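Keep the sequence and the 3D view side by side.

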Amino acid sequence: MVAHVLVEIQARKMVKTFTYLVPHELQDKIQIGIRVLVPFNNRKLEGFVLKIDTNFTSSYELKNIIALIDNHPVINEEMLELGKLLSKKTFTNLISVYQTMLPKALKAKSKTIINKKYETYLVLNSFDNNEITSSKQKQIIDLFKDKKQILKKEANKISSSAVKTLLNKNILIENKIEDYRLNDDIVKEEKKVVLNNDQQNVVNKVLKFKQKFAPFLLHGVTGSGKTEVYMHIIEKIIAEKKEVIVLVPEISLTPQLVNTFRKRFGKTIAILHSGLSDGEKYDEWRKIEKKEVMIAIGARSAIFAPFTNLGLIIIDEEHSATYKQENNPRYNAIEVGMYRAKKYNCPIILGSATPSIESYTKAKMNYYTLLEMPKRINNTLPKIELIDMKESFKHGYTVLSKIAIDKINDRLEKKEQIMLLLNRRGYTTTISCPNCGYVHKCPNCDIPLTYHKTYHKMTCHYCNYQTYKINSCPKCHNQKLLDLGMGTEKLEEKINDIFKSKMPKIIRMDIDTTRRKGSHAKIIEDFKNHKYDILIGTQMISKGLDFPNVTLVIVVNGDASLNIPDFRSAERTFSLLNQVAGRSGRGKLSGEVIIQGYNIDHYSMVYASKNDYLGFYKEEMAIRKVLKYPPFYNLCLIKLRSNIANTCLVEGNKIVKYLKNQLTNEIILGPSACSLPKINNVYYFQIIIKYKKINNLIKPLEFINKQYLMNNKIIVEIDLNPNKI
Ligand code: ADP
Ligand code: ZN
């Protein structure tokens, strides 16, 4: 018997399947999808068993498998297949795809071994009263009055030596049970919400197709009660013993949603997201694999949850960029979701208040069934006002407009809460010299350094380079430097200053204040419990959060995201403004929103202020059509990076020449420097292909990919349907 084993030989940048003999003692234990240890030259490598062959003959001598790493397959048959498909679609080797699909602890090369965690329990055996020889022993026995088993830890608190004696006498028996790291107690809520008509209609339509592959796009405004709809459908699906995957964009969305789900569904949920330790992730994955849970909630990679009887997939905030992985394998969780839903003949729901232009187009073309919830549960959408900061500036209001200040004062008096969005962290964003024009930049990236007052450093947000703040110009020694741009740190200081007399309690939420585990959830919890009046934050605060007492949202620089050179920047701006506006007036009180900016005539801002998704969609589609962007054309990005800028240019030109030879109907642009051309001393260039049909493209792309695989001067990666360009 032989096994075909997929291994990665890192020294040679090679991934290959090799054939090994299965020694007798392992023959009835080996299975497809488990990891094994195999010899390679003088080393031992871990690999995945892809195939087992009982009558294989070879003309040369084969080596033996050394050992099996797993007792059960870590990759089931469905995942083996899916991996092969993704490997092709993402131009990435198979082993990295499998590694992406598994929790880190199970990757076939992981160095740190994560053990299962066990908890020891004690069980009481039958005994004679005269066997109990001390009062401590008696106390321990009494612990079993109304329990079948108790934690050994608990008994040891009374007396560990008495526990030992009882164990020796066989009166107590130890019982080791696999324990999970994330086992905090949750109280199941028996709250039954009565759905409104729109919600009930959506639930009915989805359930009609519960035995079929049926993709839905749920377009529901913020606060229309999508979460409740999801939960009602899930209840019906799990009642039929089928399993459910729920994807959410990122950890910042998870604490509230996860809590809502756990209160409803109790322990039948596994949680998979990047905020967990490797051990916790592994435990959650094991719960799914052992069929102890029916629902998996998580970020992108949770789409690979190893369920084998899926009945529903939900992808919340489907427009979110996080569903596409930004490094190899560049898979899209929505596409994987579609694949799995087809496989299991089950519905898949994409939900959003601002569907991506592509998804909404698919709904209009009837690839997806469109479901709409146009009204809020409380029936009032917030009133949104655009404020021109050019005017405001003239009157001396540079950070907040007069109207914003008045409204904040009003809410502070009424004891209602306020959220402020500023999509930049740090204190100031550029330090420059007005005398000679010097700008203090990162030496590795050529990008201005951001000053962080809290830790007195200038840092690069791209490569993390840090240096001390300069007090004079290194070029002309001018002492009066200009601090430009404002980040959340400075905004917090300004707000404290402007509203000094009212002494508002302010909390800030951005990457800098949420680095510690659990700090993110704590800020949300504290703000919800009104320990603070004002929440200042980056786009982290824009999505999914539900604070009923927030009645005013202020977007400090609503047009900042329009300056990013990308065909999706208008779409992103519209969606961000809509999401953040949606945080206001979600409870009994009605809400207001103020969006400040210098470009308030831009259509993305105008439609956002009217809460008009369809208006925005039509205008954006007209522009996409003229500029030949998705959904009218598909995009393929070829990314080149090298330590030498010229290498990017030379190789880029070769690739473009080759492509122009191979392709006739496609538009090929580049090579050109990326909008951030240098990060950490590496140069970035790109080639863009606009295409209608993928068929002609595959062979040339595979060829290019192969050509550069072994090249150590330049890295060339292919990104089909990229999120950003
Ligand atoms: P969305 O996800 O669409 O923005 P949510 O699901 O967060 O909206 O719902 C908004 C609020 O309305 C939540 O506080 C939720 O508990 C409440 N809610 C949802 N459905 C109902 C209902 N049928 N009756 C009463 N309250 C509801
Ligand atoms: Zn840098």
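Is glutamate 240 buried, partly exposed or exposed? Glutamate 240 counts as partly exposed, at 37% relative accessibility. Here buried means under 20% relative accessible area, exposed means over 50%, and partly exposed lies in between, with a 1.4 Å probe and protein chains only.

First, the ground rules. This is a predicted model, in which local features need pLDDT of at least 70 and side-chain atom pairs count only at pLDDT 80 or more, while totals for chains, interfaces and linings use all residues. Residues are numbered from 1 along each chain as its sequence is written, chains are lettered from A and ligands numbered from 1 in the order in which they are written, and side-chain values use heavy atoms, with hydrogens and water left out.

Glutamate 240 has a partner. Lysine 210 forms a salt bridge with glutamate 240, with the closest N and O atoms 2.9 Å apart. The pair links distant parts of the chain, 30 residues apart. Lysine 210 sits in the loop between helix H6 (197-208) and strand E9 (214-220). Glutamate 240 sits in the loop between H7 and strand E10 (243-247). Helices (H or I, at least four residues) and strands (E, at least two) are DSSP runs, numbered from the N terminus. Lysine 210 is partly exposed too, with a relative accessible area of 25%.

The structure holds 39 salt bridges. Each is a side-chain nitrogen of Lys or Arg within 4 Å of a carboxyl oxygen of Asp or Glu. One of them joins glutamate 174 and lysine 152, at 2.6 Å from N to O. It ties strand E8 (residues 172-179) to helix H4 (residues 152-158). Glutamate 174 is partly exposed at 37%, and lysine 152 is partly exposed at 21%.

Now go to a buried pair. Glutamate 592 forms a salt bridge with lysine 407, at 3.2 Å between the closest N and O atoms. Glutamate 592 lies in strand E26 (residues 592-597) and lysine 407 in helix H13 (residues 402-414), 185 residues apart. Both residues are buried. They belong to a salt-bridge network that also links Lys383, Asp410, Arg411 and Lys414.

Next, the ligand. Around ligand 1 there are 16 residues, and Val194, Gln199, Gly223, Thr227 and Asp546 come nearest. A residue counts as near if one of its heavy atoms lies within 4 Å. Helix H7 (residues 226-239) gives the most to this shell, with three residues. An oxygen atom of ligand 1 is 2.9 Å from an N or O atom in the side chain of threonine 227. An oxygen atom of the ligand is also 3.1 Å from an N or O atom in the side chain of arginine 586. Taken alone, ligand 1 exposes 570 Å², and the protein buries 72% of that. Those areas come from the Shrake-Rupley method with a 1.4 Å probe; for residues, only the protein chains shown count as cover.

Finally, the cysteines. A search of the whole structure finds zero disulfides, a disulfide being a pair of cysteine sulfur atoms within 2.5 Å. Cysteine 433 is in no disulfide, and the nearest cysteine sulfur, that of cysteine 476, is 3.6 Å away. Cysteine 433 is buried, with a relative accessible area of 3%. Cysteine 445 is buried as well, at 2%.

Definitions and conventions
Polar contact = N/O pair within 3.5 Å; in protein donor to acceptor, adjacent residues only side chain to side chain.
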